[in-house]
Amino acid sequence: MTVVNFDSIRCYNAEEMPVVLERLSNEPQFMNLFKIFLSQSSTGELKKLLLSYDNVHDFQKFLVNRFVKMVEKNTTEGVELTGIENVNKNRAVLYISNHRDIVLDAAFLCSQLVDNGMDTVEIAIGDNLLIYPWIEDFVRVNKSFIVRRSPGAKQMLETLQLLSAYITHTIRDKNQSIWIAQREGRAKDADDRTQESLLKMFNMGGSGSVAENLAALHICPLTISYEYDPCDYLKAKEFQQKRDDPKYLKSPEDDLFNMKTGLMGYKGRVVYTISPEISPELFHLQENYSGRNELFKAVAQLIDRKIHSNYTIYKVNMIAYDMLHATEKFRQSYSSQEKTDFEKYMDKQIDKIDLEEKDMDFLKTKLLEMYANPLKNKINADVS
């Protein structure tokens with residue numbers, strides 16, 4: 001059996017923690033962030049606390065989770081996890097979810113799993129977000145593994161094979177659950193779709209049929225529903241920037257500001273819903289699709305239906321749907337005041353957009369799409 005070296009992407013182990021935490025304790029940017037939620041402590045006390053952890057479980061449960069709970073208390077009306085009964089707690093699963101927030105999608109999930117007496121997950125994170133070395137240190141000591149986004153054409157196949165082997169190894173051999181987004185980057189318009197290329201990458205890690213390889217990962221689709229997206233205006237801004245300049249690319253500083261805004265901005269209610277494992281349906285699909293590409297497309301659509309059907313629909317989604325489509329389909333579900341409040345919210349968010357030539361109608365449409373699309377997709381999933 002070939003032994004694969006995962007050192008370039010894997011999360012750090014317990015033996016590496018002391019050195020990594022020592023590096024973090026000497027990093028001013030990290031320590032300033034650390035001090036935000038332990039403001040009564042001196043730098044020396046914070047460093048002593050940080051260096052006191054010698055295992056990931058305690059580090060996450062007593063330190064990281066403390067920070068996540070502070071974010072939950074200060075920026076949400078509560079985070080809820082439903083569908084936990086659909087998970088076999090004795091077996092690792094692969095959670096594939098829609099992606100709203102760079103940092104908090106996985107962080108809130110881990111916090112909820114801890115509250116339910118379960119182990120946290122390993123987290124797939126793109127290397128484009130590792131803006132500073134200390135960020136890579138922190139995420140890898142916090143059970144994250146690295147997805148190399150742009151390794152170059154020659155290295156792409158090797159990179160994907162390594163990632164697939166690591167995911168298979170983590171689920172099968174380590175019995176450790178994983179969270180991964182259904183697509184590269186966030187769906188800026190909240191029209192959540194699973195990338196078939198992601199499924200093809202998963203398939204590389206097995207030696208059986210497509211259904212056998214994917215079933216071995218015990219895939220559980222996961223739906224994340226934020227009432228409000230604090231980054232909505234930044235996403236709308238990016239839509240106009242890309243429309244006006246097709247070559248526009250976000251800078252690392254933009255990513256950092258998105259992370260900060262997502263962390264500290266108001267999110268309203270947040271609900272996570274876990275679907276049962278899709279393994280039985282994979283074999284059924286394989287019987288009906290002889291071509292591999294058609295099969296991958298069908299599996300992606302299956303995951304999408306599971307995610308879409310489990311959206312928690314808020315009044316802002318119904319208001320946005322009616323406004324976007326010039327209808328009164330959901331008019332009985334919200335008041336005139338609630339509609340007025342949402343319109344004021346949109347105006348406030350658009351006011352934050354710092355573009356020299358703001359296309360007000362375009363930006364408003366993009367904001368409405370972000371809030372209407374989950375409802376549109378849920379309607380379609382429920383009738384399909």
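K48 is found in helix α3, which spans residues 43–50. The model is predicted. K48 is exposed, because its relative accessible area is 67%, above the 50% mark. The C-alpha atoms of K48 and S25 are separated by 8.7 Å. Along the chain, K48 and S25 are 23 residues apart.

**Nonpolar cores**

- In soluble globular proteins, nonpolar side chains tend to be buried together.
- Here the largest nonpolar core holds 94 residues.
- Y95, F202 and Y272 touch the most other members of this core.
- Helix α13 gives the most to this core, with eight residues.
- F202 is in contact with L94, I96, S164, I167, I180, L214 and L217, leaving aside its neighbours within four places in sequence.
- Another core, of 29 residues, lies apart from the largest one.
- Among the residues of that other core are I319, F330, M346 and L368.

**Helices α13 and α16**

- Two packed helices are described by the angle between their axes and the distance between the axes.
- Helix α13 covers residues 292–309, and helix α16 covers residues 360–383.
- The two helices pack at an angle of about 115°.
- Their axes are 8 Å apart.
- The crossing of α13 past α16 is left-handed.
- On the α13 side, R305, H308 and S309 make the contact.

**Cysteines**

- How many disulfides does the count come to? The count comes to zero.
- A disulfide is a covalent bond between the sulfur atoms of two cysteines.
- The cut-off for counting one is a sulfur pair within 2.5 Å.
- For C11, the closest cysteine sulfur is in C110, at 11 Å, so the pair is too far for a bond.
- For C220, the closest cysteine sulfur is also in C110, at 15 Å, so this pair too is too far for a bond.
- Is C11 buried or exposed? C11 counts as buried, because its relative accessibility is 10%, under the 20% limit.
- C220 counts as buried as well, because its relative accessibility is 0%.

Notes. Residues numbered from 1 in each chain as written. Predicted model: local features only at pLDDT ≥ 70, side-chain atom pairs only at ≥ 80, totals over all residues. Heavy atoms only, no water. Axes fitted to C-alpha atoms, helices over the stretch in contact; angles between N-to-C directions. Helix = DSSP H or I, 4+ residues; strand = E, 2+ residues; numbered from the N terminus. Left-handed = near helix turned anticlockwise from the far one by under 90°. Contact = heavy atoms within 4.5 Å. Core = buried A, V, L, I, M, F, W, Y, C linked by side-chain atoms within 4.5 Å. Buried < 20%, exposed > 50% of the residue type's maximum accessible area, 1.4 Å probe, protein only.
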